[in-house]
Amino acid sequence: MRVTVGGKLRYSWAVSTGRAPYKTPAGTFRPFRMEKEHYSKEWDEAPMPYSIFFTAAGHAIHASNATRQLGRPASHGCVRLAPSNAAALFTLVRAEGPGATKVTITNGALAGRTARSRSADVRARGRAHHAQRGPSNPWQTGADDSWTE
């Protein structure tokens, strides 16, 4: 996931999206509901802290303690983040306003390859930091310990 504010990259995080046969919908969405403490009615009251809902079908960006699964498909269609990253995103969206926020979900395989290439490049440079210009969309996610949805 890349989080941009004003066209500048603020965060870049590993996420998990829907595993087969579940899918995370691709497209551009606006968050319409936020819940700091949410429990899934569909998935046995599984905790979904810092939920930012972006589809009427119940897809959300939320925290998960299944951090070993981040970076590959693992969810029932939601976008999972590490707890501290989900808290930071939740705070940012609340401050900027859901109406001013876009969630853009792209082809997971392509986005995942791009993220891994960028990580390898950073390691090759001895973890040197360099300026990056993020996309114009405030969020982009690529898809591809026990909170799950």
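This note goes through the predicted model point by point, from the overall layout to single residues.

1. Basis of the model. Residues are numbered from 1 along each chain as its sequence is written, and side-chain values use heavy atoms, with hydrogens and water left out. Because the model is predicted, local features need pLDDT of at least 70 and side-chain atom pairs count only at pLDDT 80 or more, whereas totals for chains, interfaces and linings use all residues.

2. Overall layout. The protein chain has two helices and nine strands, where helices (H or I, at least four residues) and strands (E, at least two) are DSSP runs numbered from the N terminus. Along the sequence these elements follow the pattern β-β-β-β-β-β-β-α-β-α-β.

3. Surface and interior. Of the 149 residues in the protein chain, 44% are buried; here buried means under 20% relative accessible area, exposed means over 50%, and partly exposed lies in between, with a 1.4 Å probe and protein chains only. The chain exposes about 8,000 Å², and carbon and sulfur atoms supply 50% of that area, as computed by the Shrake-Rupley method with a 1.4 Å probe, where for residues only the protein chains shown count as cover.

4. Helix H1. This helix covers residues 83-96, and its 14 residues should span 20 Å at 1.5 Å a residue, which agrees with the 20 Å between its end C-alpha atoms; the expected span is 1.5 Å times one less than the number of residues. Which residues of H1 are buried? They are Asn 85, Ala 86, Ala 87, Leu 89, Phe 90, Leu 92 and Val 93. As background, an α-helix has 3.6 residues a turn, so residues three or four places apart point the same way. Arg 94 also belongs to H1, but Arg 94 is exposed, because its relative accessible area is 53%. The C-alpha atoms of Arg 94 and Ile 52 are separated by 9.7 Å, although the two residues are 42 residues apart along the chain. After H1 comes Gly 97, with a positive phi near 100°.

5. The largest nonpolar core. A nonpolar core is a set of buried Ala, Val, Leu, Ile, Met, Phe, Trp, Tyr and Cys residues joined through side-chain atoms within 4.5 Å. The largest one has 19 residues, of which Met 1, Ile 52, Phe 54, Ile 61, Val 79, Leu 81 and Leu 89 touch the most other members. Two or more residues come from each of strand E6 (60-63), strand E7 (79-81), H1 and strand E8 (103-105), and H1 gives the most, with five residues. In soluble globular proteins, nonpolar side chains tend to be buried together.

6. The second largest pocket. Its volume is about 300 Å³. On a 1 Å grid over the protein atoms alone, a pocket is an open set of points where a 1.4 Å probe fits, with protein on both sides within 12 Å along at least five of seven lines, and lining residues have an atom within 4 Å of a point. Grid points are joined across faces, edges and corners, and the volume is the space filled by probe spheres set on the points. Of the 18 lining residues, Ser 40, Glu 42, Ala 57, Gly 58 and His 59 are the closest to the pocket centre. The lining has seven nonpolar, seven polar and four charged residues, where Ala, Val, Leu, Ile, Met, Phe, Trp, Tyr, Cys and Pro count as nonpolar, Asp, Glu, Lys and Arg as charged, and the others, Gly among them, as polar.

7. The loop between E4 and E5. Most residues other than glycine have a negative phi, and most peptide bonds are trans. Glu 45, in the loop between strand E4 (33-35) and strand E5 (51-53), has a positive phi near 60° and is partly exposed, with a relative accessible area of 47%. Tyr 50 is also placed in the loop between E4 and E5; its phi is positive, near 55°, and Tyr 50 counts as partly exposed because its relative accessibility is 22%.

8. The loop between E2 and E3. Where is the cis peptide bond? A cis bond, with omega about 5°, joins Ala 20 and Pro 21, and Pro 21 is found in the loop between strand E2 (8-12) and strand E3 (27-29). Ala 20 counts as exposed, because its relative accessibility is 70%.
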